[in-house]
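User: I am new to this structure and would like to learn how to read its features. Please take me through them step by step.

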Amino acid sequence: MPKTNPEMWLHKYGDYLYSYAISRLKLPELAEDVLQETFLSAMKSKDNFKEKSNEKTWLTSILKRKIIDLYRKKYKNIETSMDAKSMFVQDKFMYGSWNAEDAPQDWGVAQGEDWIGDEEFIKVLDKCILNLPDKWRFVFMMKHQEEASNSSINKKLGVSESNIWTILHRARLQLRECIESLWFKTLS
Amino acid sequence: MKKTLINRFKNVMMKMMITCETATYLIDKNHYTELSFIEKLNLKIHLYTCKSCSIYKVESNLINDKIIKTLKFDDKEIKLTDEQKERLIKNLK
């Protein structure tokens, strides 16, 4: 008996598609969900698939769409997390200056110096990215991985374009602080 | 007439002074897009006098390359576990 399509796809491209989904979504549960959605959608549209085109490319393009769908779906359902604790003074006096405990510490690394060949560092960075509030992470990932323009993020996630800069800013503030506390403070 | 001129001068001076919050916002925005002339000028003046933001700028640049590399999909294979595979096949039937 010939194997059904999804089983064959799973066998041939499962690991590749899963790795791709993990690189986008970071969380195994989400990656697995999106893989399932992809196969379901592929089964429905397999008649449109032309033998000539590459099956892997075809499945990957469906997967990409499903990932964006997931971002969008999740994005709508997450409570806004924009009011995370600010790293800057909110009182009128000294308004907008760094809070004493949040001001960046000098890492003592010169620019261009090879300080990060370390796999451990990647793990820390990954962890810090995962620590970002979901909403920020989705915008951050779309900006970096799909190289999406603010207007396309706006269209897909419904975030206003000016808000996107604010989200990226907050995400990067938090990333830097997270790296400082997990990497540099534990080293010294 | 004189008063409006002074006020206008004051306004311009106030606009030149940006907070650390705005300065770091501009530093981060600059990773994605070109800043306007005024933004660049504001930032430069701020960085000239602010040590914390200067440190921020260096560190923001340092991690930027690493972020880009980390987030790029490089075919590094993560295998599905057998359990996941079984679950997927079951759910697709």
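User: How many residues of chain A are in contact with how many residues of chain B?

Analyst: Contact means heavy atoms within 4.5 Å. By that rule, 58 residues of chain A touch 41 residues of chain B. This is a predicted model, where local features need pLDDT of at least 70, side-chain atom pairs count only at pLDDT 80 or more, and totals for chains, interfaces and linings use all residues. Residues are numbered from 1 along each chain as its sequence is written, chains are lettered from A and ligands numbered from 1 in the order in which they are written, and side-chain values use heavy atoms, with hydrogens and water left out.

User: What area do chain A and chain B bury between them?

Analyst: The size of an interface is often given as the accessible area lost when the parts come together. Here that loss (1.4 Å probe, summed over both parts) is about 4500 Å², 67% of it on carbon and sulfur atoms. On the chain A side, A:Glu32, A:Trp165 and A:Arg172 lose the most area to chain B, together 16% of what that side buries.

User: How many salt bridges does the rule find across the interface of chain A and chain B?

Analyst: The rule asks for a side-chain nitrogen of Lys or Arg within 4 Å of a carboxyl oxygen of Asp or Glu. It finds three across this interface. A:Arg172 and B:Asp28 form a salt bridge through their side chains, at 3.6 Å from N to O.

User: Which element of chain A gives the most to the side that touches chain B?

Analyst: Helices are DSSP runs (H or I, at least four residues), numbered from the N terminus. Helix 1 of chain A gives the most, with twelve residues.

User: What does the secondary structure of chain B come to?

Analyst: Chain B has five helices and zero strands. Of its 93 residues, 37% count as buried. In helix 4 of chain B (residues 51–71), the buried residues include B:Cys53, B:Tyr56 and B:Leu71.

Notes: Helix = DSSP H or I, 4+ residues; strand = E, 2+ residues; numbered from the N terminus. Expected span 1.5 Å × (residues − 1). Buried < 20%, exposed > 50% of the residue type's maximum accessible area, 1.4 Å probe, protein only. Buried area = accessible area lost by both parts, 1.4 Å probe.
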